[in-house]
Amino acid sequence: MTTAVLSEVATGADDLSIWPASAQRLPHGDLAVAGVSLAEVAERFETPVYVLDEGEVRRRCRTYQDAFPDADVHYAAKAFLCRAMVRWVQEEGLGLDVCSAGELELAVTAGFPPERIVLHGNAKSPRDLEAALRLGVGRIVIDGPSEIARIAAAVGPEGHQKVMVRVVPGVSAGGHDKIRTGTDDQKFGLSLTDGGAQHAISRILSQPQLELTGLHCHIGSQITDVKPYLVALRRMVGLMARIRDAHGVVLPELDMGGGHGIAYRPGESALDLTALARRLRAELIEGCAAARLVVPRLLIEPGRAVAGPAGVALYRVLAVKHTGEKVFVAVDGGMSDNPRPALYGVRYAPRLIGRRSTAVPRTATVVGRHCEAGDVLAADVELPGDIHPGDLLAVPVAGAYQLSMASGYNLVGRPALIAVHEGTARILVRRETLEDFRSRDIGG
């Protein structure tokens, strides 16, 4: 085995398990995604830059459709949305889950059928509700008691709007405290425990212009175990049975949300989608039979699991600093284009591309260019010992909650997004420029 191969094995750089299925090794240490050299993308479009594999997005949409043939699959737009993403999701037969007027209007103006869109949000603004009603959104998920009267008034006595109720089932799940949403100690939904959900349902059923089509729950994000979903489903079916008994209403829909976990580094666990689909369906049928309920139509809302593994972030190394025993590798991006490590402690697996190193690997921390000690993109990762300014780093699993959460911090500007497909690369979202910042600043 050559020294170069030994270096790759030691750093885990040869493991492409978390990369898009189209990823291929090229000579001289480069990688291609969808037949496009990542080093060439960096050279052509500059860095930092995001690369999104269209084929991987479509493949993951189809995987969900195949796993849940009797359910409605809605892509969670908050993970990442642009007009091309809207088109891909629509062409693959998925619905859409949005949580703002901005996401909703972008989708509809890009041609997505509004009746296949669900609007979420724990604090919907007047603009959100106005857009939803004007555009004819398929479902509005009621998240709190005050929304019932607001939506009913906005619809008007002669209007009609389908709604769901977000129920907190009392299930704790998710990869971090900040993304666990199934318990009573957070801002989302109406509680089963204190009767808030039941009271809201009674009020909705008294509003003739509101049609309650079903219940919704979302227990958290980055969940890798099937069991919490099964516990939540049992509690939701129990509530549906109580609604039937109390009001004589059989709800036709049950939305179990998303939060399906993915692997960010080789060897990490991911949610077994096939097992989830099989066991959810079995639990739903069994629970409804026991409660003598008609089996409702199941809805699910994957976001990260569709977009995340399809994306790659590319950075140029600006500086390498040795401080005591630590090595800091500073790149030309950071928390302005990926705040997730600072927010949730997420760990990534960056890889040197564009050249093959024979150096012995060493532990380094990849940091951003921003004026924050917490601006860390990847802590304590193995990189070649000869890494230097000008090198390229590629970070896989970068398609979800990175560019969508990017900010204007330090007026650096958000990166461009490049789609790759069948050997071609094209810009989907251009790089934010200083002129963009200047044009918004109209004071003086």
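Let's start with His 74, which counts as buried because its relative accessibility is 8%, where buried means under 20% relative accessible area with a 1.4 Å probe and protein chains only. Before going further, note that this is a predicted model, where local features need pLDDT of at least 70, side-chain atom pairs count only at pLDDT 80 or more, and totals for chains, interfaces and linings use all residues. Residues are numbered from 1 along each chain as its sequence is written, and side-chain values use heavy atoms, with hydrogens and water left out.

His 74 sits in strand β5 (residues 71-76); strands (E, at least two residues) and helices (H or I, at least four) are DSSP runs numbered from the N terminus. Leaving out residues up to four places away in sequence, the residues that His 74 touches include Leu 96, Asp 97, Arg 116 and Glu 301, with contact meaning heavy atoms within 4.5 Å.

Now hop over to helix α8 (residues 196-205), where Ala 197, Ala 200, Ile 201 and Ile 204 are buried. Seen down the axis of α8, these buried residues fall within an arc of 100 degrees, so they line one face of the helix; the arc is that of the directions from the helix axis to the C-beta atoms. Why does that pattern make sense? An α-helix has 3.6 residues a turn, so residues three or four places apart point the same way. Among the elements covering the buried residues of α8 are α7 (146-155), β9 (161-168) and α9 (227-247).

Next, the empty spaces. Rolling a probe the size of a water molecule over the atoms shows where empty space is left. On a 1 Å grid over the protein atoms alone, a cavity is a set of points where a 1.4 Å probe fits but cannot get out, and lining residues have an atom within 4 Å of a point. The count comes to two cavities of 30 Å³ or more.

The largest cavity holds about 70 Å³ of space, a volume being the space filled by probe spheres set on grid points joined across faces, edges and corners. Its lining includes Ala 313, Tyr 315 and Gln 402, and β14 (311-323), β18 (376-384) and β19 (392-396) each supply at least two lining residues.

The second largest cavity has a volume of about 50 Å³. Tyr 50, Phe 80 and Leu 417 are among the residues lining this cavity, and strand β4 (residues 49-53) gives the most to the lining, with three residues.

Conventions. Buried means under 20% relative accessible area, exposed over 50%, partly exposed in between (1.4 Å probe, protein chains only). On a 1 Å grid over the protein atoms alone, a cavity is a set of points where a 1.4 Å probe fits but cannot get out, and a pocket is an open set with protein on both sides within 12 Å along at least five of seven lines; lining residues have an atom within 4 Å of a point.
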